[in-house]
Amino acid sequence: MAVKTIIRKNTYFDSVSLMALSTKANGVEGVKQVNIAMGTTMNKDVLKNTGLLQKEAEDAKPGDLMIVIEGDEGYDMDELLKNVEEVMERKTAQGEDKDVTYSSIEAAVKQHKEANVAVISVPGAYASRVAGKALREGLHVMMFSDNVSLEDEIALKKEAHERGLLMMGPDCGTAILNGKGLCFANEVRKGSIGIVAASGTGAQEVSVRIHDFGGGVSQLIGTGGRDLSEEVGGIMMLDGIKALQEDEGTKTIILVSKPPAKKVADKIYEVVKKSEKPIVICFLGGVKDEIEASGAIYAKTTKQAALQAVILSGVPEETINKHSLNLQLIEEVKAKLTPEQKYVRGLFCGGTICSEVAYLVKEEVGEIYSNISKDPKYIIGNLEDSKGHTFIDFGDDSFTQGRPHPMIDPSLRLERIVKEAKDPEVGVIAIDMILGYGSHMDPVGATLPAIKEAKKIAAEAGRHLEILAFVLGTELDPQVFDDQVERLMAEGVTISSSSENTGLLSRGFISKEAK
Amino acid sequence: MNTINGLFKNELEVVNVGLEMFQADLSDQGVKVSQVNFLPPAEGDVEVLEALDYLDSPGIKEKIDLANKEVVEKIINSRPALVGFDQAINVIPGMKKNMIIHAGPPVEWKNMCGAMRGAVTGALVFEGLAKDIEDAERLAASGEIEFSPCHEHATVGSMAGVTSPSMYVHIVENKTYGNVSYTNLSEQLSKILRMGANDQSVIDRLIWMRDVLGPMLKEAMEIAGEIDLRLLLSQALHMGDECHNRNVAGTTILIQALTPYLVQTSFSTKDKVDVFNFVASSDYFSGPTWMALAKNAMDAAHNVEYSSVVTTMARNGYEFGVRVSGLEGNQWFTGPAQVVVGPLFAGFKAEDSGLDIGDSAITETYGIGGFAMSTAPAIVSLVGGTVNDSILTTKKMGEITVGENPNVTIPILNFLGIPTGIDIRKVLETGVLPLIDTAIAHKEPGIGMIGAGVVNPPMECFKKAALALRDRIKDLEK
Amino acid sequence: MNELMIHDKFLERLQEGNFRGTVHSVFQKAINIMDEEGILYTILKKEMDKGPMALHVLEDDLSCLNINVKDPVTGDEHQLILGKVSISLKEMIPYGFLQREYRPSPFLASNIKKVRLQLEEMKDENPSPYGREVERLLNERLSHLKNAFMRDDEANILEASLKLIGLGPGLTPSGDDMILGILSVLNLKNTPHEKYRYLYEQVIEHAYTQTNILSYFGLKRAYDGWIRQDITDFTIAMIEKENIEKELEKILQIGSSSGQDIAYGILSLLEASDIERKGV
């Protein structure tokens with residue numbers, strides 16, 4: 001049993017206060033029981049009989065107050081002790097200003113006249129009202145909330161457009177403004193490449209690859225996933241491009257999205273044609289000729305987009321480590337897999353990462369199943385068994401109803417990793433580990449037990465299971481990148497260096513032809 | 001102008017509404033970030049949300065803002081002065097011989113809480129209309145007695161607020177706008193009529209107040225002329241009173257102002273000594289005076305079309321009622337009276353407490369009391385808080401009010417004016433309810449005060465008021 | 001009730017002059033002073049009942065008086081000064097504690113039954129293992145003490161009493177409160193067990209080292225015959241009155257659970273006496 005004792009020398013509280021204190025202390029999370037009594041011999045005897053007597057209490061005098069704390073399993077007792085002492089202390093210190101919280105945007109702005117951005121993560125039903133108020137207060141808006149109606153999105157974006165403000169989102173997870181990451185973002189070098197992105201992890205991946213290739217990011221503007229639909233008409237992306245064109249700090253622009261609606265794409269190409277700054281377009285699955293016809297630079301993948309932009313931004317190409325595919329590794333892995341192990345199972349937290357990897361594997365194998373497939377024939381439900389090559393986006397709405405996103409809580413995926421390992425037809429399990437602000441502080445630590453279990457299952461069945469992990473992050477992120485990678489490698493996990501390479505390696509490992 | 005490119009050139013400063021993890025991440029990156037704790041506005045009530053959207057719509061919002069500005073100017077510019085004392089029947093508009101006025105919104109005899117029933121029956125005995133309490137209960141139920149809210153007679157009454165024709169009342173005149181307000185005299189100790197006590201000692205005290213205290217105060221004010229109450233209030237706040245639950249300083253400076261005139265009256269020395277001893281027996285002596293001051297300013301601010309500012313918050317132990325400036329006359333918006341949270345006198349338990357009662361919430365409506373908690377650190381322990389909590393409370397009340405009153409200031413907040421003009425829109429948008437300091441009366445008649453604490457109004461009052469304001473403005477816009 | 005009162009013994013001490021001490025502890029309802037001889041005196045707020053070595057002041061919350069622990073205290077026949085606060089002794093009305101008599105009435109038996117029932121109902125239903133153990137020991141020792149009284153077993157009266165000192169929760173440990181209750185019955189003139197009262201001199205001596213100083217003084221004063229008015233009133237009501245609600249309510253308001261424990265003490269000794277009287 002975990003027990004801590006506090007002794008207050010010659011402390012007299014009246015009995016009613018003692019009761020109130022003990023009620024308060026018993027309310028602290030993790031406290032099983034707090035017993036408060038004067039340090040008399042008799043009371044110490046009782047503590048002894050109930051196994052609660054500690055050294056501190058043994059020395060207590062009848063005029064001393066003994067506070068004996070029993071903690072629940074799994075709580076740090078020192079921490080608990082601190083918390084109990086905290087509630088028992090009368091707060092006397094003047095609160096720091098950071099303790100002040102507000103109940104409305106108006107009130108916050110009244111006290112912080114320099115505020116310029118509102119980050120909104122309230123339930124979807126109220127998000128539009130809050131965003132409207134923020135815009136009217138003259139704030140740029142990043143709306144993390146989702147479940148906002150299309151009409152509201154259009155109205156908000158029109159209002160923001162008229163006011164000359166950003167309206168990033170709804171459902172916008174990533175932005176980097178003036179070098180500071182908002183919501184889910186990685187710590188990357190400052191530079192001259194501006195990004196406008198309709199996808200969260202896609203934007204994270206582009207910014208991280210830019211950093212990796214030696215470039216830097218000026219601004220990263222998120223638009224939310226529906227911005228390039230016909231209804232919304234790309235209001236935010238068009239405003240974003242315009243702002244980056246006018247921004248002195250931006251030399252090169254990257255656009256990242258799924259392919260836009262035709263009408264919207266045309267509008268974007270119009271703008272691109274007139275642009276004085278080079279624009280790299282990565283519309284995952286977009287048509288090369290169409291894009292190049294606008295004068296933009298076509299990039300097939302997020303990695304290629306980053307690479308092109310970094311070279312355009314002036315980083316000498318020969319100094320860049322492009323992380324070209326390790327063909328020897330592919331042969332080694334292929335040799336370890338049995339002919340029966342013909343499938344890839346991709347289990348991802350990042351939506352764009354999942355799409356991009358699936359897209360690259362599909363190019364090679366033709367037929368893949370996914371919970372985010374556009375073709376109903378290839379849709380697979382959350383709880384359905386995998387078949388063939390299966391790619392699951394664990395961040396899809398159908399998984400996250402009422403639960404935190406797997407980037408915050410990777411545990412959602414653990415069971416599935418183990419399950420796939422039991423399937424003798426599986427050769428490769430591909431996973432992502434997303435670092436950066438907003439994400440879990442140790443996604444690898446949270447996932448390792450499942451990885452070990454999966455490896456063990458395969459080993460006991462006498463086969464090799466290739467686990468391929470992509471760690472999306474930089475050495476500047478709050479999680480320690482190298483440590484995350486090393487702990488994976490120590491368990492025999494193969495590390496890929498980008499979303500693109502994850503796709504290429506996966507398909508390489510299970511390809512039939514010898515290269 | 002805050003354009004996108006303007007943003008790129010300036011330092012990022014964020015308002016984070018919702019998930020606190022985003023605030024922490026931004027702070028870690030050295031970004032200045034202020035946190036807004038989100039509550040569903042209007043408790044998520046769809047009809048009220050729509051009404052709020054209407055009140056917030058272009059063209060309407062500006063008119064409301066303008067009206068509210070006018071209302072707050074009226075509150076701030078009001079200069080209430082004590083000009084006299086007299087019997088209720090002689091001065092209170094609409095007062096009748098068979099009328100009893102009471103705290104809060106209208107309430108029928110059958111719905112009155114214990115404290116109010118105790119006070120009503122006590123008052124009937126005091127007036128000689130009933131021979132004893134039992135007889136008074138019969139009379140009160142008979143329909144022969146007319147009940148009416150104090151607030152509808154330019155009057156406020158502390159706790160049960162029961163004021164009968166021959167009781168003496170303060171007369172407070174608004175030197176700026178000319179309106180006059182009234183409130184009865186403090187009975188001082190805890191076993192008193194306004195708390196529902198009604199035994200012989202209570203009646204005897206009322207008789208003495210009618211025959212000695214009231215007439216003496218009346219005569220004194222005839223000599224004095226007038227006393228500027230706003231000035232005294234502002235001094236009292238600087239001396240550590242919030243002028244609702246703490247009145248130590250206010251009573252001292254009020255009696256200091258009255259004394260030269262009291263000693264000049266024609267009463268015997270014994271009577272004068274009795275009066276001074278009576279005043280000295282409780283700090284509450286000036287409590288009603290500040291209520292009359294607040295009522296005087298709030299009445300001047302009532303009836304401004306389009307305004308969403310609350311001009312009355314009052315409770316009768318059965319219901320909590322508010323009135324709003326833009327909803328003229330005596331339109332009450334009510335919800336059930338709430339439980340007061342706070343320490344009780346020794347010997348009483350939580351279940352003995354009556355529900356929230358009294359017109360004294362007029363002080364919070366004006367901006368003192370719970371709104372000015374930070375100026376009275378001596379009593380923050382009464383509400384289980386710290387000095388810092390009280391500062392946060394005053395700041396929080398600033399989030400639901402239109403402006404500050406520069407004439408009544410709080411030293412510890414760098415002489416910030418008290419938060420003034422509760423805006424029902426802000427209450428509903430933020431989910432922050434006004435905080436009211438108050439006393440607790442026993443739920444049964446005949447017992448009296450048993451504690452003190454704090455209470456919030458029910459959200460329902462503000463919801464109903466918002467719907468009515470929407471209807472009223474739609475009519476005006478036709 | 002409004003006049004200010006002082007225990008005559010406290011006033012006598014002040015009139016002797018040269019009273020010096022320090023503030024020992026400050027609560028909302030009481031401030032304790034310890035003089036240079038280590039004797040405890042108490043300042044009570046006005047609503048409190050008469051207490052031993054106490055005086056009353058007109059103040060609702062003594063902890064707001066800006067009097068702090070270790071503030072110097074001086075006093076003479078005119079005034080008592082604690083830190084920066086001076087209390088005038090003029091117009092203070094002295095009171096004493098009269099010895100009451102044990103005059104059992106027919107109501108005693110039914111009162112005992114009624115009060116025991118009510119006390120049982122007030123018990124904490126879900127105590128912690130520690131709380132349960134304390135409760136078990138308190139029950140065991142108190143009934144041991146009661147039995148010893150019934151059997152006129154002097155040695156066990158002493159032993160059980162000693163074992164209660166310092167046991168249990170609260171500023172005044174529950175066991176101390178029970179002994180206080182016992183003393184309030186033993187103090188009565190002609191009480192059936194009067195002859196064992198002398199044993200408590202030893203119990204009090206033991207308490208000096210085995211419980212905190214505030215509780216010790218409470219017991220010592222009780223042995224000197226000075227017990228808070230509300231406790232004595234309850235004891236007398238138990239023995240003599242038909243309706244004891246008011247007195248019971250008042251005693252239960254003492255402290256957080258002290259009132260209950262004192263009542264248990266009183267009850268136990270009255271039970272022992274009552275049964276004996278009936279010759280059961």
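## Chain interfaces in a predicted model

Across the interface of chain C and chain B, zero residue pairs are in polar contact with both at pLDDT 80 or more; a polar contact is a pair of N or O atoms within 3.5 Å, where within protein one must be able to donate a hydrogen and the other to accept it, and residues adjacent in sequence count only if both atoms are side-chain atoms. By class, the side of chain C that touches chain B has one nonpolar, one polar and three charged residues (Ala, Val, Leu, Ile, Met, Phe, Trp, Tyr, Cys and Pro count as nonpolar, Asp, Glu, Lys and Arg as charged, and the others, Gly among them, as polar).

This is a predicted model, in which local features need pLDDT of at least 70, side-chain atom pairs count only at pLDDT 80 or more, and totals for chains, interfaces and linings use all residues. Residues are numbered from 1 along each chain as its sequence is written, chains are lettered from A and ligands numbered from 1 in the order in which they are written, and side-chain values use heavy atoms, with hydrogens and water left out.

Buried area is the accessible area (1.4 Å probe) that two parts lose on being put together, summed over both.

| Interface | Buried area | Share from carbon and sulfur |
|---|---|---|
| chain C and chain B | about 360 Å² | 46% |
| chain B and chain A | about 4,500 Å² | 56% |

In chain B, F8(B), E13(B) and Q29(B) lose the most area to chain A, together 15% of what that side buries.

Between chain B and chain A there are six salt bridges (a side-chain nitrogen of Lys or Arg within 4 Å of a carboxyl oxygen of Asp or Glu). One joins D56(B) to R136(A), with the closest N and O atoms 3.5 Å apart. The interface of chain C and chain B has zero salt bridges.
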